[in-house]
Amino acid sequence: MADNKKVNPETAEEEKLEETLEEEAVQKEDNETEKNEEDEKGDEGGKEKKSFFKKEKKDKKDLIIEELTDKYKRTFAEFDNFRKRSEKEKSAMYEIGAKDMVERILPIVDNFERGLATVPDEDKKLPFVDGMDKIYKQLMKALEEAGVKPIEAVGKEFDPEYHNAVIHVEDEAFGENIIAEELQKGYMYRDTVVRHSMVKVAN
């Protein structure tokens, strides 16, 4: 049996129009969604890019700080080394100058000792001799306070670092390699030998 139902042209046209509008609405919604996603990605990319540049800038600043800190430390170390070296050189120059001055004074000390040694016992109470003896003792005290002291010799074992042997003798009264007589007194300035003792060594 044939279907005699007829389709109303106006109704069909309305349905088609509705479908078209629905498709356009869906398409528009999809386009907006895609755009939002792209915008979000763009924002994230921008943030990442901004963060990257900020990080890069921060790293450069840190490098400059490290470089300046390193330069400061090296400059401070160089200055400290210079200061220590200057103090050492100054001390060495003082030692050399003081040692040179002591060497110049020692012959005067020797002449005092030789002169006083020749004075007879009966003349040692004379005012002149007594005055010379006091000057000698004052000179020796000043040298001692400055760090100058005589080297012990007689009765000590010969030591080439402090003594200069000019005569060897056979004497049973002394042991092997013992100093029997001091011919010229030696002196030290602090821990440095200014003049070796000139000695006579037994056996």
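Q: How many aromatic pairs does the structure hold?
A: It holds two aromatic pairs. This is a predicted model, in which local features need pLDDT of at least 70, side-chain atom pairs count only at pLDDT 80 or more, and totals for chains, interfaces and linings use all residues.

Q: Why is the aromatic pair of Phe-112 and Tyr-136 called tilted?
A: Let's check the distance, then the angle. Rings of Phe, Tyr and Trp (its six-membered ring) pair if their centres lie within 6.5 Å; planes under 30 degrees apart count as stacked, over 60 as edge-to-face and the rest as tilted. Phe-112 and Tyr-136 are 6.2 Å apart centre to centre, with 35° between the planes, so they form a pair and the pair is tilted.

Q: What makes this pair tie together parts that are apart in sequence?
A: Phe-112 belongs to helix α1 (residues 9–117) and Tyr-136 to helix α2, so the pair links parts 24 residues apart in sequence. Helices here are DSSP runs of H or I with at least four residues, strands are runs of E with at least two, and both are numbered from the N terminus.

Q: How do you know whether Phe-112 and Tyr-136 are buried or exposed?
A: Look at relative accessible area: buried means under 20%, exposed over 50%, and partly exposed in between (1.4 Å probe, protein chains only). Phe-112 has 15% relative accessibility, so it counts as buried. Tyr-136 has a relative accessible area of 15%, so it is buried too.

Q: What makes the span of helix α2 agree with expectation?
A: The expected span is 1.5 Å times one less than the number of residues. For the 19 residues of α2 (residues 127–145) that gives 27 Å, and the end C-alpha atoms are 27 Å apart, so the two agree.

Q: How do you know that the buried residues of α2 line one face?
A: In α2, Val-129, Tyr-136, Met-140 and Leu-143 are buried. Viewed down the helix axis, the buried residues fall within an arc of 60° (taken from the directions from the axis to the C-beta atoms), so they line one face of α2. On the other side, Pro-127, Lys-134, Gln-138, Lys-141 and Glu-145 are exposed. After α2 comes Gly-147, with a positive phi near 105°.

Q: Why is one side of β2 and of β3 left without a neighbour in the sheet?
A: Three strands form an open sheet in the order β2-β6-β3, with mixed pairing. β2 (163–169) and β3 (178–184) stand at the edges with a single partner strand each, so one side of each has no neighbour in the sheet. Neighbouring strands of this sheet are turned by 35° against each other on average, direction ignored.

Q: How do you know that β2 and β6 pair?
A: Two strands pair if DSSP finds at least two bridges between them. Six bridges join β2 to β6 (residues 197–202), so the strands pair, and they run parallel. His-168 stands opposite Val-201 in β6.

Q: What makes β4 and β5 a pair?
A: β4 (residues 187–189) and β5 (residues 192–195) share three bridges in the antiparallel sense, so they meet that rule. The bridge partner of Tyr-187 is Arg-195 in β5. β4 and β5 also belong to an open sheet of three strands with antiparallel pairing, in the order β1-β4-β5. β1 (148–150) and β5 stand at its edges, each with a single partner strand, so one side of each is without a neighbour in the sheet.

Q: Why does Asn-177 count as partly exposed?
A: Asn-177 has 28% relative accessibility, again between the cut-offs, so it counts as partly exposed. Asn-177 is found in the loop between β2 and β3, with a positive phi of about 65° although it is not a glycine.

Conventions
Residues numbered from 1 in each chain as written. Heavy atoms only, no water. Axes fitted to C-alpha atoms, helices over the stretch in contact; angles between N-to-C directions.
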